[in-house]
Amino acid sequence: MSTTIERQWTTRLRKRATGKLPPEKALPDTQPAYVASWIYVFGVATIASFVMVILSGFILALKGPQWWHVSSIGHFINSLHLWSVEILFFSMVIHLWGKFFMAAWRGGRTMTWMTGVVTFLVSIATAFTGYASQTNFDSQWITTQAKDGINATGAGSFFNVLNLGQMLMWHIVLLPLVAVLLTAVHVVLVRLKGVVPPFDDKTGAAK
Amino acid sequence: MAFLWSLASLISLEGKGHYIHWHFIYLSVANFIVILLMVLVFLAALFVPFPGRASRKESK
Ligand code: HEM
């Protein structure tokens, strides 16, 4: 009886998950002293602006382009979406610089760094398809300027920047989904590994 | 609201954009300002003391 229960995938998955990431480690009470620096705030600032991007995007999706182009509240939410993206990239780049100069990929944190790299690239693609989905002269200009370069790479066979419907779907379905999932994995990895110790830490905790 | 409009008129978006062109480097002044601001905020993040740092107990 008990061995059958032991072998259930739910039981095994729970034991593995709670063994690797017990609640105290997932949501800790304290952090090492060196984390008391502004540079560690930029990961969370990136999450905060990302949440604003998603929420304002939800409202834009609910109301549609006729609304965001003409009404003043529509303009406001559209601007909120754009400026949250500006802050997202601003904080993401400072976060990236911080982690680069700390060499925060040390001590088995390669995947934390790499999920960050891929999230950065996916965010750029999301921003690009967003510019392509504005349905105004700006988006026409951007897409007609981009088409030859992108088609020359061969990506045009499945990623046609002149196809507004497709660009909008990439922007509001596929890419945000990937960005959210990657961000979740990124943050879980940070909790799993703990914050990388500074260079002059001779205790070997980085290993 | 009127205050916000007067702020917006500080920067005229009429006419040609401004660009920096130096050898192969070519970018808008607006993007250049944003990059400068990022560098400044990065340096501030490194050197501005974090509140409560001194009183915090070390824990590992
Ligand atoms: C949507 C984008 C991103 C979000 C929301 C995000 C979020 C976070 C958060 C909350 C942390 C922990 C707190 C901190 O140290 O700041 C963190 C750590 C980290 N991030 Fe990101 N990040 C993003 C992009 C990136 C990028 C682009 C890179 C680098 C290419 C990166 C590399 C890292 C690394 C290596 C750590 C671990 C630091 C350590 O162990 O001390 N992240 N990230």
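Let's start at the metal. For comparison, ideal angles for six octahedral donors are 90 or 180 degrees. One caution before I go on: this is a predicted model.

Which residues of the protein coordinate the iron atom? A:His95 and A:His186 do, each through NE2, at 2.0 Å. Now look at where they sit. A:His95 lies in helix α6, residues 72-101 of chain A. A:His186 lies in helix α9, residues 164-193 of chain A.

A:His95 has 18% relative accessibility, so A:His95 counts as buried. A:His186 has 17%, so A:His186 is buried as well.

Next, the surroundings of the ligand. The ligand sits in the second largest pocket. There are 23 residues around the ligand. Those that come nearest are A:His95, A:Lys99, A:Gly116, A:His186 and A:Val196.

Where does this shell come from? Four helices of chain A each supply at least two residues: α4 (41-63), α6, α7 (110-132) and α9. Which one gives the most? That is α7(A), with six residues.

In A:Lys99, an N or O atom of the side chain is 2.6 Å from an oxygen atom of the ligand. A:Tyr40 uses its backbone instead: an N or O atom there lies 3.3 Å from a ligand oxygen atom. And A:His95 comes back here. An N or O atom in its side chain is 2.7 Å from a nitrogen atom of the ligand.

Last topic: the backbone. Most residues other than glycine have a negative phi. Which residues go the other way here? One of them is A:Ala103, with a positive phi of about 50°. A:Ala103 is found in the loop between α6 and α7 of chain A. Its relative accessibility is 10%, so A:Ala103 counts as buried.

Another is A:Thr135, not a glycine either, with a positive phi of about 55°. Find A:Thr135 in the loop between α7 and α8 (137-152) of chain A. At 35% relative accessibility, A:Thr135 counts as partly exposed.

Terms used
Residues numbered from 1 in each chain as written. Chains lettered and ligands numbered in written order. Predicted model: local features only at pLDDT ≥ 70, side-chain atom pairs only at ≥ 80, totals over all residues. Heavy atoms only, no water. Donors = N, O, S within 2.8 Å, 3.2 Å for Na, K, Ca; no water. Buried < 20%, exposed > 50% of the residue type's maximum accessible area, 1.4 Å probe, protein only. Near = heavy atom within 4 Å. Polar contact = N/O pair within 3.5 Å; in protein donor to acceptor, adjacent residues only side chain to side chain. 1 Å grid on protein atoms, 1.4 Å probe; cavity = no way out; pocket = protein on both sides within 12 Å on 5 of 7 lines; lining within 4 Å. Sits in = over half its atoms within 2 Å of the grid points.
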